[in-house]
Amino acid sequence: MRLSDHIHQSLSNLWKKKLRTFLTTAGVVIGIAALFSMLAFGKGMQKNITDRFTRLDLFRYITVFGPSEGPRRPRGPRGHRFGDSRQTAPSVPPLDDSRLAEIAKLPGVQAVFPEVRFPAVVRRDDNERFTLAQVVSPELAASGLVTFLAGGPYTHADPNAIIVSDSILRDLGLTDPQAAVGQSITIATITLNGPGSPGFNPLDFIGAFTGDLGDALPFAQKEYALTIAGVAERMGVGMASPLRSDVFIAPQAADGMQKMNLTNVRDLFKSPDQLQAYSTVSIRLVSAEHVDTVTAAVEAWGYRTFAIADEIDEIKTAFVLMDMFLAAIGMIALLVASLGIVNTMVMATLERYREIGIMKAVGARNSDVRRIFFFESGAIGLLGGLLGVTSGWLTSLLINRIVNYYLAAKGIPYTEYFNFPVWLWLASIAFAIAISLAAGLYPAIRAAKTDPIKALRHD
Amino acid sequence: MNATAPRALIEIDDLTRIYPAAVPIRALDGVTLAVPEGAFLGISGSSGSGKSTLLNILGGLDTPTSGHIALAGRRISDLGPDDLALYRRDKVGMVFQSFNLISAYTALENVAFPLLFAGVARAERGRRAAEALEAVGLAARRSHRPTELSGGEQQRVAIARALINRPKVLLADEPTGNLDSTTAAQILQTLADLNAAGLTIVMISHEEPLLRKYSHAIVRLRDGRIIEHEHIRAAQ
């Protein structure tokens, strides 16, 4: 039989049973639409995150952790480095200014930024939020790591400027980032008769929480008025960025503040010398190609490091797992649909039992009969695949619009949550055909095995 | 072999067909027969005598348990499934008592159906099917479906379909069994005309007068064996 005859024959046979073909195809459409949408969502998530990393240029950054800092979990093929170095922590030199100068001399290093964060309360009228403010140089603030929704980075000429995230802005009761720029807000630093102060006893700090000290809390607040220079999109990229706060303050502003230079309880137990060292330092490289060499050099000193470039394989694996999970959900619908195809095709072989006998009597080979039914199930798959990706695409667009409409009310910028690469369209259609052919396999073989004598006698 | 005798188109040698069952059924038991080219052979016998089994094996729809059958010198009993399909397509045409037309197809589509499996182009299929329908006097009914045709017309469509690939032999299994006597006579006359044109015909019928009127020879079967091979008249 000619290919054109197979196609014509299969479409003609399906057309004769319009309702059954429609219902069977509808099952495939739903399955493929679910699969397509799920994978498009997974790809959208992946694209948003990798685009964000790329846009923020995070592949050029390495985070270096001081002797007692850093992630505890082992990670990736180099996972041993954290565990091993923790064992030798006492011999690791502190991450102080002299060490930063040595890191800056490494080939491929463009700049080194120490991470200085301190506890503070951001306040405006009756609204306030506790946070860890980060001291960020004007250069780093202007490096492109910060996505400004309004305003921009401060300069050395703005001693009282501050950059806040849109998240902080909402907590302060400000919804319009543009209107917020230039407004004054209050930073209340928290001070403590603590590390570095004469007579500090960590037990006093603990006593403040257990009530042993009564009302004699070792805390005090100092308020400073600062002007919003820029409103930044909340980063939410964790260790991948040297900027890990919702509030950025220029060094010249921070220098004049009374504050605790500690970010966690462990800092309470550090000596004044240890407190002079930085817990975390970020390195900006000339290009991502230097990640391996600079990481190796820094780790040779005993420090632990984190680079998003190193994590990309793990991230990809995570996305593959997520895609598989999402695809599995879509597959359930498609499996149900494939049972529908099996049912339809078995029904077709039973209804056309005599016709199969006639086919064989007039010279059809078993392979001809098999192909006729294969083409019919394949046609269901093709039709279901085409309609499935189309309806999946339309549904995804609708969901994207609804979600963005809902999130816009919360001040979250418009995001494309679904991504439709060309291969996803083609693969979904191909998959629909493959599943349909697989579902049509048994009925086709069954039809091909029909005994023509019995079939011709069949009423 | 007599040099002047017509050449045997079909040669059947000790053909046996046993259907497996708790007690195996011996449908054909050592049948030996030769059918000359251009002959009109009638086969008769009571129900279960083995005549349909013989025709099914001749038509390549069934295979013998033992023995041989050859058409134009080629053994068909040794053919594999695909070659047997080609044999059914190109060498024999079959006509059945119940017509076996596809109800969803028009007369033209039914006649053209075997050409589909021969890989003939769509336009050529239509042209040849129209010619075949014209040859059996049904050119005007080409667009009608089987349910819109009389029994005689359906059988003529079936004959046209059987002849569309220009077979060497036409096998007819009770072709007039579902027809009234007038229509049956017309169908048999059509077959006789085809035979007169040189087509070899093997026809099963239980109507002895019709067989005697149109056949050159009649083979009578009982319990899978030939009990009589009667010569009626010489083939033209």
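In chain B, helix α3 and helix α5 cross in a right-handed manner, a crossing being right-handed if the near helix is turned clockwise from the far one by less than a right angle, and left-handed if anticlockwise. This is a predicted model, in which local features need pLDDT of at least 70 and side-chain atom pairs count only at pLDDT 80 or more, while totals for chains, interfaces and linings use all residues. Residues are numbered from 1 along each chain as its sequence is written, and chains are lettered from A and ligands numbered from 1 in the order in which they are written.

Helix α3 of chain B covers residues 107-116 and helix α5 of chain B covers residues 151-163, and their axes, which come within 7 Å, cross at roughly 30°. Here helices (H or I, at least four residues) and strands (E, at least two) are DSSP runs, numbered from the N terminus, and axes are lines fitted to C-alpha atoms, for helices over the stretch in contact, with angles from 0 to 180 degrees between N-to-C directions. The angle makes α3(B) roughly parallel to α5(B), since angles under 35 degrees count as roughly parallel, over 145 as roughly antiparallel, 65 to 115 as roughly perpendicular and the rest as oblique. On the α3(B) side of this meeting stand B:Ala107, B:Asn110, B:Val111, B:Phe113 and B:Pro114, and in α5(B) they meet B:Val157, B:Ala160 and B:Arg161.

Helix α3 of chain B also packs against helix α4 of chain B (residues 122-135), at an angle of about 120° and with the axes 8 Å apart. These two helices are therefore oblique to each other, and the crossing of α3(B) and α4(B) is right-handed. The residues of α3(B) that meet α4(B) include B:Leu108, B:Val111, B:Ala112 and B:Leu115, and those they meet in α4(B) include B:Ala129, B:Ala132 and B:Leu133.

Two of these names return in the largest nonpolar core, where B:Val111 and B:Leu133, together with A:Ile32, B:Leu170, B:Leu171, B:Ile201 and B:Val202, touch the most other members among 118 residues. A nonpolar core is a set of buried Ala, Val, Leu, Ile, Met, Phe, Trp, Tyr and Cys residues joined through C-beta atoms within 7 Å. Helix α2 of chain A (residues 18-55) gives the most to this core, with 11 residues. For B:Val202, the contacts beyond its neighbours within four places in sequence are B:Val35, B:Leu41, B:Ile43, B:Leu55, B:Leu58, B:Val169 and B:Leu171, two residues being in contact if their C-beta atoms, placed from the backbone, lie within 7 Å.

Apart from this core lies another, of 58 residues, which has A:Phe118, A:Ile162, A:Ile185 and A:Ala250 among its members. A:Phe118 belongs to strand β2 of chain A, residues 109-124, and it is buried, with 22 other C-beta atoms within 10 Å. A residue is buried if 20 or more other C-beta atoms lie within 10 Å of its own, exposed if 12 or fewer, and partly exposed in between, with C-beta atoms placed from the backbone. Although A:Phe118 and A:Thr189 are 71 residues apart along the chain, their C-alpha atoms are separated by 7.9 Å.

The two chains meet where 16 residues of chain A are in contact with 21 residues of chain B. On the side of chain A that touches chain B, the elements that give two or more residues are α1 (3-16), α13, α14 and α16 of chain A. Among these, helix α13 of chain A (residues 353-361) is largely enclosed by the rest of the structure, because eight of its nine residues are buried. The buried residues include A:Arg354, A:Glu355 and A:Lys360 as well as A:Ile356, A:Ile358 and A:Met359. Their cover comes from both chains, and includes α12 (308-351), α14 (366-408), α15 (422-448) and α16 (452-457) of chain A together with α2 (81-90) and β6 (92-96) of chain B. Just after α13(A), A:Gly363 takes a positive phi of about 115°.

In chain B, a positive phi is found in residues other than glycine. B:Ala72, with phi near 50°, lies in the loop between β4 (66-71) and β5 (74-75) of chain B, and it counts as partly exposed because it has 15 C-beta neighbours inside 10 Å. B:Asp223 has a positive phi of about 50° and sits in the loop between β9 (217-222) and β10 (225-231) of chain B, where it is partly exposed, with 14 other C-beta atoms within 10 Å.
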